[in-house]
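Have the model open and follow along.

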Amino acid sequence: KLDKKILVTGGLGYIGSHTCIELINNGFNVSIIDNLVNSDITSLKSIEKITGVKITFYRVDLTDYKKIKNKLENENFDVVIHFAALKSVRESIKFPEKYMDNNIGSLKNILKFMKYKNIKKLLFSSSCTVYGKPDSLPVTEESIFKKPESPYAETKQISEKLIDEFSNKFKQNSISLRYFNPVGAHHSGLIGEKPKGKPENLVPYITETAIGLRKSLSVFGSDYKTKDGTPVRDYIHIVDLANAHVAAVIRLINYKSKKYYEVFNIGTGKGHSVLEVINAFKKVNKVDINYKIVGRRKGDIDIIFSDNTLSRKTLNWKPKKTIEDMVESSWRWQKNINR
Ligand code: NAD
Ligand code: WQD
C-alpha cells in the first residue's frame, strides 16, 4: 500500500472525480478541494460509494489564498494534483479576464501554498490546446506552442510556463499532462460528465440528443481536409486518462528524472472524425441520433492527434479502451442520470 497523501483540486469535476477513484484503488489517500462552480456534491457521494472510502472535502475557492491557508494549515500532502479550472472555450472568448483570474489566479495560489508547506510535487492538467494548429502530425511533446485559439488555451500555455519556471527556481518536481479529448464515463454508470446547461463538447451533445434533451446535434462543418470532411480528434477514455494520473503520481513519488519539469501527451494516438464518433455511438448503442451539418465553429482546427510514445515509455502507461468503450460508457451514464 502506497501510504501517500494527495491533494486534488477540482476533484469533484469530470476528470478529477474519475482520477480520485483510480488513486484510491491504488492505495492513495485523497483530499479534495473544489468550489462546486462546475460540479456538484453528489459526485463526492458517488466517489465514496464506488470506493467505499470516506474522503476529506474542502469547499474552497482557490482564488482565495487566505481560505486555502486557513483550511489546510494543519494538513500535509506528498503531491498536489491541480485540476481546478474553468474550461469553456466559448465562455473564455466572451469573458477572457474571468478565465485569466480564475485559472491563473488559482494556479498561483496553489504554487504559493506548496512553497509555504514545502510540498515538492505537482501534477497539472494541461491540454492539447496548447499546440494550437500544429505544423505536423502526430504532435509530440516537442511541438511548439502555436498561437492560442482562445483565451482558455492561452491560460494553459501561461500555466505551463509558470510551472516550468517555478519548478526550476525552487527545485520542485512537476509534470503536466496534455490531455487530448477526454470522453466516456466510469463503468459503474455512477459518475460521468454532466455539463451545466447546453453541452459544448461533442460526446455530451450526442448523448443528450440521443436521450431527447436536445432536438438535433449540429455537426460543425464537413468541408475540412480530412477523411470525411469533418474534424479529427484523439478521443481518450476517461478511465485511461485517470490511470495516466496514477502513473504520473508514481513517477513524481519515485522521481528519477533530472528535469524538474516534464510534459506528457495523453491520448490514444488515433484520430476519429466527428462522423465516425456519431456512427460508432449509433452502432454500439443501437440508438439513432438526429443531426445536421452546419457551418464551421470558430476556433476549430481540422485535425489533431497525439504521439503518445513518451508517456507509454516513461510513465509505463497505455490506453486500453476503444472508441466503442467510450461511446458505450457515455450512453450508460446518460441513461443513468435521466432515469
Ligand atoms: P470540470 O469543470 O468538470 O472540473 C473542474 C473542477 O474545478 C470543477 O469541479 C470546478 O467546480 C472546479 N473549480 C474551478 N474553478 C475553481 C476554483 N476557483 N476553486 C475551486 N474549484 C474550482 O472540468 P474537467 O473536464 O474535469 O477538467 C479538469 C481539468 O482538465 C481542467 O483544468 C481542464 O482545463 C483540463 N482539461 C480538460 C479537458 C476536457 O476536455 N475535459 C481537456 C484538457 C484539459
Ligand atoms: C470535438 C469535435 C467540433 C460539438 C475542446 C477544447 C480543448 C480540450 C477538449 C480542454 C470538433 C465537433 C462539437 C457539437 C460538433 N479541452 N462538434 N458539434 O473542440 O476538439 O476540444 O475540448 O482543454 O481545449 O477546445 O472538443 O468536443 O468541443 O469538439 O460538430 O455540438 O466535435 O467541431 O470537431 P474540441 P469538442
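In this predicted model, V203, T207, E208 and A210 of α7 touch S330, W331 and Q334 of α11. Sorted by class, the residues of that contact come out as 3 nonpolar, 3 polar and 1 charged. As for the geometry, α7 covers residues 202–210 and α11 covers 323–337, and their axes come within 10 Å and cross at roughly 50°. That angle is why α7 counts as oblique to α11. The handedness of this crossing is right-handed.

Now over to α5, residues 96–117, and its packing against α6. Here the axes sit 9 Å apart at an angle of about 20°. Angles under 35 degrees count as roughly parallel, so α5 is roughly parallel to α6. This crossing is right-handed. On the α5 side, the contact includes Y99, M100, I104, L107 and L111, while the α6 side includes Y152, I158, L162, I163 and F166. By class, this contact has 12 nonpolar, 3 polar and 3 charged residues.

Helix α6 also leads us to the second largest pocket: α6 (151–169), β11 (261–266) and α10 (309–314) each give at least two residues to its lining. The volume of the second largest pocket is about 340 Å³. What lies nearest its centre? Among the 17 lining residues, those are E141, R178, Y261, E262 and V263. The whole lining splits into 6 nonpolar, 3 polar and 8 charged residues.

Notes
Residues are numbered from 1 along each chain as its sequence is written. Chains are lettered from A and ligands numbered from 1 in the order in which they are written. This is a predicted model: local features need pLDDT of at least 70, side-chain atom pairs count only at pLDDT 80 or more; totals for chains, interfaces and linings use all residues. Side-chain values use heavy atoms; hydrogens and water are left out. Axes are lines fitted to C-alpha atoms, for helices over the stretch in contact, and angles run from 0 to 180 degrees between N-to-C directions. Helices (H or I, at least four residues) and strands (E, at least two) are DSSP runs, numbered from the N terminus. Angles under 35 degrees count as roughly parallel, over 145 as roughly antiparallel, 65 to 115 as roughly perpendicular and the rest as oblique. A crossing is left-handed if the near helix is turned anticlockwise from the far one by less than a right angle, and right-handed if clockwise. Contact means heavy atoms within 4.5 Å. Ala, Val, Leu, Ile, Met, Phe, Trp, Tyr, Cys and Pro count as nonpolar, Asp, Glu, Lys and Arg as charged, and the others, Gly among them, as polar. On a 1 Å grid over the protein atoms alone, a cavity is a set of points where a 1.4 Å probe fits but cannot get out, and a pocket is an open set with protein on both sides within 12 Å along at least five of seven lines; lining residues have an atom within 4 Å of a point. Grid points are joined across faces, edges and corners, and a volume is the space filled by probe spheres set on the points.
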